[in-house]
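Please open the model in a viewer and keep both the sequence and the three-dimensional view at hand.

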Amino acid sequence: MRINRIHFQFFLAAAIVMLFSFSAPHFLTAGNLFALMQAFALLGLLTLALGLTMIAGEFDLSVGSMVSLAGLCAVKLGQENPFFGVAVAAGLGIVIGLANGILFRALRISSLVVTVGTMIVLTGLSFWIAGGRVVSYENLDVADWLEKSILFALSPRSLITLLVFVLAWLFLGQTKIGRDIYATGSHRLAAEAAGARVTFTLILVFALSGCISAVAGSLLALSLATASATLGDNLMLQAASAAILGGVALSGGIGSALGMALGAFTLSALNNGLSIMGANSPTILLSNGLLLLGVVLFDSMTEQRGKRIFRLKQGHS
Amino acid sequence: MFLRAIGETASGPCYPARNAIPRKNKMQLARGIAAASTVQDQIVPSWLKTQFSSERIHATGLRLAALVLVVVAVIGLPAFRYPGNVRAIVYATCATGTAAAGLTLITLSGNLFMLSIGATSAVATLVFASTLNHGLLIAVLATLVLGGVIGFIQGLLVGAAKCNPIITTIAVASIITGLGSLYSNGQTILGVGDVSWLGVGQLLPYIPNQLLVLLGVVLVYEFLIDFTVFGREIRLLGTNPKAAVIAGLRTHSCVVLAYSLAGVAAGLSGALLASQASEGNLQLGAGLDFDAIAAVLIGGVSIKGGRGKVSDAAFGALFLSIVGNILLLFNLAYEIQLVVKGLVVLLSVTIAHFAARSSRK
């Protein structure tokens, strides 16, 4: 059996868990594992949202700001009925995702440019809705239910995340549109020539990305019972790190739901372990940045090496 | 004499019979203006024609829009004319414009954006405040060196190691923000020393020294891009990376240079911000990433690389501060300004697309 990226992922996640369970005494307690899975519940969804666009060869920069806006929407509109709040937030996410997708595809420019614009607009909207304050959610039963402990480490919120990952695994691996996403990401012109619905796929991917990050944001806000305009700060960085750590290629066309879940888990475990060992937030930010840089460097090295080998083989044939 | 010589070499391969071309047309070739028709030239001066060519129409349109906006605001809004308000617009333009001038080099080289500008500038404010006791000049030089080093590292990563420019700069931003807040403990650093020359000093009324700094940066970078071999290689690299590699351009060094210069500009904008506030604080560079990117996109620098001028980004920054100021005069808060800024970015990207498409037809 060939050792591939997923094995390396499992090995890395296990290594980090082992490392912290030896060096931090409280790491393997039920309470901390629960906290770890709650962090994973948020980061996992965001990694999936960003990772889907990355597999399609694009990049959705507005993921973090969508979390803040969706959180505020869910808390403001869901005071009576939390399902209504989450549904409105998810709908908003789909609309904004569709706008992102349609605009960048119609203009034939990099999705980065359009999503930078959306990110600024969404940040402004969140500050406007919040009015510079922290909005609190009165119905604490919802938060209690979302944070309820099931099987000592899981909660409804982390179960939702795991369910979404299973759906994403089925979607990416077993459906035609899932294969179209990979084709679009690896070679757009070839995919178009082979009959993949490239435009539809790209717009769908952005709508999904908006929807998933909105759900993540609204669940986070409901379980915290508060929302503010800075809810999604620094999440962009973590989601990108987790996706790349999870084996999603920045050049597109490569990545899997399992890999992304492992990437998000590894990063959550790392941050959790560091913080129970007493690292402050600048140190964690610093270590996340170094990790992201290391992974990007590693990926670009292997990619360059792959290209060189490809060129050599072509030369011999 | 000089112009004529260029004209002759430029026309050499295309027109075997050199003397068949009138001298005036050679001059036009020398100025980089393509095909020359005969009659209309006398009516519309050639420089004006260049400004409205499909390549420049976005940038020119923005400058005209800024002018119209100013005229309308001066007539319609009495508060707009107050000296204090004019000064506020100028100060708001300076730091953003300087950072955007640096970002232009990155965009021209085909590497989209640099998302570490705000972080670089924020850390530079800390360094500025900490080194101010050695004198203003030393403090400014320290920010320049800091920015240059941070930019140089990113240039190596993007140019030589071929890392993705967006992810690399996001990672570097979080690293230096982390280092900065470890250094300052999240607190404000008060500078000990006199910052009045850079902070509030002005040469003439309405012309603060900060504006001179901005103009200096724009002129120097414009000169580097248009009149040095390195600058032209940066532009060519952005226009067509594959052709640049095949033609044997120094692609690695070009990217490293572009990032280093962008870092220097980000550091300098940090010095401007710190001297305005006369303190160093990581919050000072908070919105600078958005603003610089917005200025570059609105200014008409092509996001696909290779096309645009450094001064376009500066005018983009000016336009943004005028719009922000007018919104402020209508009592619209910071949030609405952000929304409008984002919408203007999306609008200008859309307009740029349609301008490019009409020029292809």
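Begin by selecting Ala225(A), which sits in the loop between α10 (198-224) and β2 (226-227) of chain A. The model is a predicted one. Phi of Ala225(A) is positive, near 60 degrees, in a residue that is not glycine. Most residues other than glycine have a negative phi. Ala225(A) counts as partly exposed, because 18 other C-beta atoms lie within 10 Å, and a buried residue would need 20 or more.

Select Ser278(B), in the loop between α14 and β4 (279-280) of chain B. Ser278(B) is not a glycine, yet its phi is positive, about 45 degrees. With 18 other C-beta atoms within 10 Å, Ser278(B) is partly exposed.

Is Leu273(B) buried or exposed? Leu273(B) has 28 other C-beta atoms within 10 Å and is therefore buried. Display its contacts beyond four places in sequence: Ala95(B), Ser121(B), Thr125(B), Leu284(B) and Gly285(B).

Remain in chain B and select helix α16 (residues 310-329). Its 20 residues should span 28 Å at 1.5 Å a residue, and the C-alpha atoms at its ends are 29 Å apart, which agrees. Of these 20 residues, 15 are buried, so α16(B) is largely enclosed by the rest of the structure. Asn331(B), which follows α16(B), has a positive phi near 65 degrees.

Next, select helix α12 (residues 257-276) of chain A. This helix of 20 residues reaches 28 Å from its first C-alpha to its last, close to the 28 Å expected at 1.5 Å a residue. The helix α12(A) is mostly covered, with 16 of its 20 residues buried. After α12(A) comes Gly278(A), with a positive phi near 100 degrees.

Now widen the view to whole chains. Chain A contains 13 helices and two strands. Its radius of gyration is 20 Å, close to the 20 Å given by the globule rule for 317 residues, so chain A is as compact as a globular protein of that length. The C-alpha trace of chain A spans about 70 × 50 × 35 Å along its principal axes, and 53% of its 317 residues count as buried. Chain B has 17 helices and four strands, and 49% of its 361 residues count as buried.

Which residues have the most contacts inside the largest nonpolar core? Select Leu46(A) and Leu103(B); the core itself has 206 residues. Around Leu46(A), leaving aside neighbours within four places in sequence, the contacts are Val63(A), Val67(A), Ser213(A), Ala216(A), Leu235(A) and Ala239(A).

Finish where the chains meet: 37 residues of chain B are in contact with 35 residues of chain A. On the chain B side, select α9 (165-184), α15 (288-299) and α17 (334-360), the elements that give two or more residues to the side touching chain A. Coloured by class, that side of chain B shows 25 nonpolar, nine polar and three charged residues.

Terms used
Residues numbered from 1 in each chain as written. Chains lettered and ligands numbered in written order. Predicted model: local features only at pLDDT ≥ 70, side-chain atom pairs only at ≥ 80, totals over all residues. Buried ≥ 20, exposed ≤ 12 C-beta atoms within 10 Å, placed from the backbone. Core = buried A, V, L, I, M, F, W, Y, C linked by C-beta atoms within 7 Å. Contact = placed C-beta atoms within 7 Å. Expected span 1.5 Å × (residues − 1). Rg over C-alpha atoms; globule rule 2.2 N^0.38 Å. Nonpolar A, V, L, I, M, F, W, Y, C, P; charged D, E, K, R; others polar.
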